[in-house]
Amino acid sequence: MSEIPTQRFTHAEIAEILPQSDPFMFLDSAESAGDGMRAEYRVRGDEFFLKGHFKNEPVFPASIVFEALGQVACLWLLVNARARFGAALTAGHVFFASMDGAHFYRRVGPGETF
């Protein structure tokens with residue numbers, strides 16, 4: 001059985017694929033291998049929403065971590081649609097609409113990568 005090659009994406013390459021753009025793009029890098037995709041985002045600390053979430057103790061909102069998960073899922077679908085489903089998709093055809101049963105168990109703050 002042959003090994004599936006890993007495909008790596010930079011922030012700039014992801015920006016060419018996904019419809020989101022800064023400041024609402026929450027993927028710095030990603031890699032896809034087979035049925036899986038892994039991505040990272042480093043919380044810089046200067047994100048606009050951290051100023052009010054929360055005063056003197058910035059916490060990255062769980063809803064935005066979930067948005068990042070949705071962006072990873074959409075990236076995987078856009079990259080793999082032709083090979084998996086026989087037809088390519090464009091970014092305008094893919095929307096992250098919901099997530100069920102998800103829980104957030106730890107806080108994420110400036111300087112951390114998730």
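This is a predicted model: local features need pLDDT of at least 70, side-chain atom pairs count only at pLDDT 80 or more; totals for chains, interfaces and linings use all residues.

Are phenylalanine 49 and phenylalanine 60 buried or exposed?

Modeller: Residues are numbered from 1 along each chain as its sequence is written, and side-chain values use heavy atoms, with hydrogens and water left out.

Phenylalanine 49 and phenylalanine 60 are both buried, where buried means under 20% relative accessible area, exposed over 50% and partly exposed in between, with a 1.4 Å probe and protein chains only. Rings of Phe, Tyr and Trp (its six-membered ring) pair if their centres lie within 6.5 Å; planes under 30 degrees apart count as stacked, over 60 as edge-to-face and the rest as tilted. By this rule there are ten aromatic pairs. In one of them, the ring centres of phenylalanine 26 and phenylalanine 49 are 6.1 Å apart and the planes stand at 65°, so the arrangement is edge-to-face. Phenylalanine 26 belongs to the loop between helix 1 (11-17) and strand 2 (29-33), and phenylalanine 49 to the loop between strand 3 (36-40) and helix 2 (62-85), so this pair ties together parts 23 residues apart in sequence. Helices (H or I, at least four residues) and strands (E, at least two) are DSSP runs, numbered from the N terminus. Phenylalanine 26, like phenylalanine 49, is buried.

Phenylalanine 49 also pairs edge-to-face with phenylalanine 60, at 5.3 Å centre to centre and 75° between the planes. These two residues are eleven apart, and each lies in the loop between strand 3 and helix 2. Ring pairs join Phe24, Phe26, Tyr41, Phe48, Phe49, Phe60 and Phe114 into a cluster.

As for the nonpolar cores, each is a set of buried Ala, Val, Leu, Ile, Met, Phe, Trp, Tyr and Cys residues joined through side-chain atoms within 4.5 Å. The largest has 15 residues, of which Ile14, Leu18, Leu27, Ala30, Met37 and Leu75 touch the most other members. Helix 2 gives the most to this core, with five residues. Beyond its neighbours within four places in sequence, leucine 75 is in contact (heavy atoms within 4.5 Å) with Ile14, Ile17, Leu18, Leu27, Ala30 and Met37. Another core of ten residues lies apart from the largest one, and Phe26, Val43, Leu50 and Ile64 are among its members.
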